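In these entries I record what I looked up in the structure shown below.

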Amino acid sequence: MIAPWLETTLPTTLSRYPLENIFNAVEFGLFYQCLPDKSLRLKNEKCTGGKHSKVRLTGMAVCNFKGERLSMFVIGKSKFPRCFEGVKNIPCRYRAQPKSWMSAELFEERVKEIDLKFSFQKRKIALIVDNCSANPNVQKLDWVELIFLPPNTTSITQPMDQGVIRSLKAKYRSLAVKKQIAALEKENKMLKFS
């Protein structure tokens with residue numbers, strides 16, 4: 001089922017767009033309070049772990065094939081997080097949802113924002129997204145053509161899943177560990193990420 005779509009349907013659709021106008025959007029979960037679960041230890045030293053945090057954010061990354069990326073779309077539980085107090089602007093678009101998951105309404109809102117952004121540039125784009133219930137076919141788009149991947153093929157056909165999201169999460173973990181080490185060295189206590 002996927003072979004004909006990859007060999008004929010997708011190339012035919014994408015042939016109408018230059019590479020800089022082909023974007024991919026992917027949602028991912030980030031358990032931002034969860035520390036790394038691997039550790040270096042000496043041969044005879046015991047190393048025990050604790051319970052992993054289930055507190056999460058959902059992010060939506062959008063990037064084209066030339067490396068141009070749009071601002072991150074982040075979904076958390078709290079409508080007005082305390083960590084945003086006194087912050088004038090954040091480098092992403094933040095929305096709240098009770099379980100911090102992508103919903104059809106939030107997906108539609110984000111796609112319409114992208115459509116508006118490209119309307120100012122008078123730039124028609126193709127936006128490749130995975131086929132899930134939270135990603136409905138948004139109507140009345142003038143500058144964005146949604147291209148849905150076939151069901152159950154996201155892990156092998158989603159361009160952003162081929163290492164981009166993994167790199168993003170690795171960078172976050174690296175920065176989180178560095179902050180934890182600095183806090184331990186300075187105040188001898190662990191930070192709690194909010």
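Entry 1. I looked up N24 and found that it counts as buried, because its relative accessibility is 2% and buried means under 20% relative accessible area, with exposed over 50% and partly exposed in between (1.4 Å probe, protein chains only). The model is predicted: local features need pLDDT of at least 70, side-chain atom pairs count only at pLDDT 80 or more, and totals for chains, interfaces and linings use all residues. Residues are numbered from 1 along each chain as its sequence is written, and side-chain values use heavy atoms, without hydrogens and water.

Entry 2. I placed N24 in strand β1; strands (E, at least two residues) are DSSP runs, as are helices (H or I, at least four), numbered from the N terminus. A polar atom of the N24 side chain lies 2.8 Å from the backbone oxygen of I128.

Entry 3. I then looked up the largest nonpolar core, which has 21 residues, with L127 and L146 having the most contacts inside it. Such a core is a set of buried Ala, Val, Leu, Ile, Met, Phe, Trp, Tyr and Cys residues joined through side-chain atoms within 4.5 Å. Among the elements that each supply at least two residues are β1 (22-30) and β5 (125-129). Helix α2 gives the most to this core, with 5 residues. Apart from this core lies another, of 8 residues, including L14 and I128.

Entry 4. I searched for disulfides (pairs of cysteine sulfur atoms within 2.5 Å) and the count came to 0. C63 counts as buried at 18% relative accessibility, whereas C92 is partly exposed at 24%.

Note on methods. Polar contact = N/O pair within 3.5 Å; in protein donor to acceptor, adjacent residues only side chain to side chain.
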